[in-house]
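Student: Let's work through the charged pairs and the surface of this model. Can we take it one question at a time?

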Amino acid sequence: MSKKPHKFGTFLGVYTPSILTILGLIMYLRFGWVVGNVGYMKTVLIVLMASSITFITGLSASAIATNIKVGVGGEYYMISRSLGLEPGGAIGIPLYLCRTLSVTFYCYGLSEAILALWPESRDMFQGYSLQGLTILFIVLVTALSGKSAKLVLKSQIPIMIIVGASILALVIGVLTKDLQAPTTAATYSTAPKGFWYVFAVFFPAVTGFTAGIGLSGDLKDPQKSIPRGTLGAVVSGALIYLIVPLLLAITGALTLEQMADPEAGVTIWTRLAVFGPWIIYPAVWGAVLSSAFGSILGGPRILQALSMDGLVPKFLAKLSPSGQPTIATWISGAIAIGAVFLGGLNTIAQYVSVLFLTLYVAVNVSAAVEQLIKEPSYRPKIHVPWFVSLLGAAAAMLVMWLINPLAFIFALGLEALIFIYLMSKKLEQQWGDASTGIWMHLSRFALLRLNTKKVHTRNWRPIIILFVRELKGHMQLVKFTEMLGQNSGLLTISKLITFKNREELVRRNEIAFEMQKDLAAEGLQALTEVNVVSDLKQGMYQVAASHGMAGVKTNTVVFGWSRTEEGRIQELQVIQELANSRKNILMVHCNKPFPKRQKKRIDIWWRGEDRNGDLMLLLSYLISLNRKWKKTVINIFSVVHSDAEKNRREHHILYSLKEARIQAKIHVLIKDSEDIVGILIGKSAKADLVFSGLARGNSDFASRIAVLERIANHLKVVVFVQNNGMETETPVIFSPSKT
């Protein structure tokens, strides 16, 4: 029988791992060096600046955590549920690697600190003792965390007691020795690069406060524990970091030169604290070991969350009977062991630090975006002004640059590549995120701006609505229509259902989503919607006539040529009613799929009436912009009664082509038969696509259907075009005269 996974509270689950990661190795190794180089006042300034960045980031993380039910994955979970799966993955994958490599660095540091007491061991084993001890520690922390998070977290209690005792020992040791006025002079004796160099070296001391957030899936109440534990750890760490430099600045037991010595490290603490090395060394070892525990607990849980979201293989999300991500933990341990043999860990550490700082940027940006887009569902218990979060993000990026400019560029480049890759995968997510709100916000802004503008003819774009009964059965029609709006217009595919169809009525939102999946499978992009109407014929007219919104009104309606007599009559009736609505009409019939060759042929049949020729010429041009139609040859055919009329028609078409700046071959034919349809079929039988005008105002539907049917049955693909736009709305590339 499986044991119920143990859940943790604020103190053990968030505060303890966070404060122990803050009060880590840098505190013991670098505080004396900082004070010795910049003096007391500038050290306080550095502490306040660094802590402000972490405090702002902690506030931003707390705001997000109090707005959603935080699941497994900590920071990755919050970012992915806020900004979306792709940005979350772009941050989460490097974050997992950072946490895993951190296990190596901490265990490596612990091994060095222990072997420093027995330097002869290195000579005895020719340097392999360091790697061997590091691997031993990695196996130890991996085994403990894989068995029980509770055991690991409880083991941090005595470590915290030892670290606290070491700070108390420093206080007692300094106050019982000679005291002096705080040293405020900045010497930069061993930091010739100046203040910002010292700041960059110190900054990692305040990081790590997100260690508790990484255990979000193991918390009893993440919404309560994450803000309290995280902010509590940041404030506690800042207070301790304000006390330690004061003690170092007022002690008379050490000179500035002694503290500024980069080799002094832990010995500054051992010389000042009571009980010296007996309490300081165990505290240092405990702090490093605790940081390793924090990393090995957080890393596998990020991998588990990535697996649950489908970004890495599913088996990595498998849990042990006690609720631990055992497989992910041991894989993380194996990666950490492999990193032992990389060499040059100090250089890699800078890249890991910078990559880790991108997490701060993402957390702050997430909180700022949520505030800026004013999503109604964003109701956090902790409110952080958007400019404060953006200030935190900007400050974190500055620190990244200060630590290592090359690492900064590498980090952003790596995450950009991961983001682009994940975007190309077209991942499916089952939650709402801020990206939708961003697009809504931008759309609102754009629509309001458009609504104040009068759309000039040169700004005309094909805003199309296509009616289909079943999307999969009309994919050739969809592909053709999508070509018309590619990169310039907008296509909406509408499925009409009536109130009588109960089953589809209940599933209408699901149907629209399924249509999107069918389009994605074909590599097509379009809007999809399901419209509920009382009658299909009247509904088609109502939807088409009123479709769109201010600034983006639909200007073109596309129908497929119905397979039934009744459907054809209905279509012609709707088309006749739409003639006065200023909507252009396209009625498309496909007998054969378009060939794959690039050199295709488009025929336009130009009657010289109703400006249909203008629209057909524009549609042909839009299709030729498609990469699969680059070498398309456009032919313009027109039938006249005499040579004089032929000259006028050729001149007129040439003028239109010149105005339109479109290349086409002109074929003006003198009528030698009353069978115009026969001429059209004879000349265009081999064309890949044919455009022909669609007359208006004729209510003799039977005769019209007969003519249209004859043409449709003898051509590969034919589009009947009716230009119902006003002259002022006709694209500027056309001739201003009647055609």
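Tutor: Start with K472. This is a predicted model. The relative accessible area of K472 is 63%. Exposed means over 50%, so K472 is exposed.

Student: Which residue forms a salt bridge with K472?

Tutor: Side chains of opposite charge can pair when their charged atoms come close. For K472, the closest N and O atoms of the pair are 3.9 Å apart. The cut-off is 4 Å. The partner is D518.

Student: How many residues apart are D518 and K472?

Tutor: D518 sits in helix α20, residues 508-521. K472 lies in the loop between β1 (463-467) and α18 (475-485). The pair thus links distant parts of the chain, and the separation is 46 residues.

Student: Is D688 buried or exposed?

Tutor: Buried means under 20% relative accessible area. D688 has 2% relative accessibility. Therefore D688 counts as buried.

Student: What is the distance between the closest N and O atoms of K716 and D688?

Tutor: K716 is partly exposed, at 25% relative accessibility. K716 forms a salt bridge with D688. Their closest N and O atoms are apart by 3.8 Å.

Student: Where does K716 lie, and where does D688 lie?

Tutor: The two are 28 residues apart and link distant parts of the chain. D688 is in the loop between α25 (676-684) and β11 (689-693). K716 is in the loop between α26 (701-714) and β12 (717-722).

Student: What is the N to O distance in the salt bridge of R99 and E75?

Tutor: Both partners count as buried: R99 has 6% relative accessibility, and E75 has 0%. Their side chains meet in a salt bridge. The N to O distance is 2.2 Å.

Student: Which helices does the pair of R99 and E75 link?

Tutor: The two residues are 24 apart, in distant parts of the chain. E75 belongs to helix α3, residues 75-83. R99 belongs to helix α4.

Student: Which residues make the nonpolar surface patch of about 320 Å²?

Tutor: Take L97, in helix α4 (residues 85-115). Patch residues need over 30% relative accessible area. L97 has 39%, so L97 is partly exposed. The patch is made by L97, F315, I331 and I335.

Student: How many salt bridges does a search of the whole structure find?

Tutor: The pairs above include R99 with E75 and K716 with D688. The search covers the whole structure, and the total is 15.

Definitions and conventions. Residues are numbered from 1 along each chain as its sequence is written. This is a predicted model: local features need pLDDT of at least 70, side-chain atom pairs count only at pLDDT 80 or more; totals for chains, interfaces and linings use all residues. Side-chain values use heavy atoms; hydrogens and water are left out. Patches are made of residues with over 30% relative accessible area and no salt bridge: like charges are joined within 9 Å, nonpolar side chains (Val, Leu, Ile, Met, Phe, Trp, Tyr) within 5 Å. Accessible areas come from the Shrake-Rupley method with a 1.4 Å probe; for residues, only the protein chains shown count as cover. Helices (H or I, at least four residues) and strands (E, at least two) are DSSP runs, numbered from the N terminus. Buried means under 20% relative accessible area, exposed over 50%, partly exposed in between (1.4 Å probe, protein chains only).
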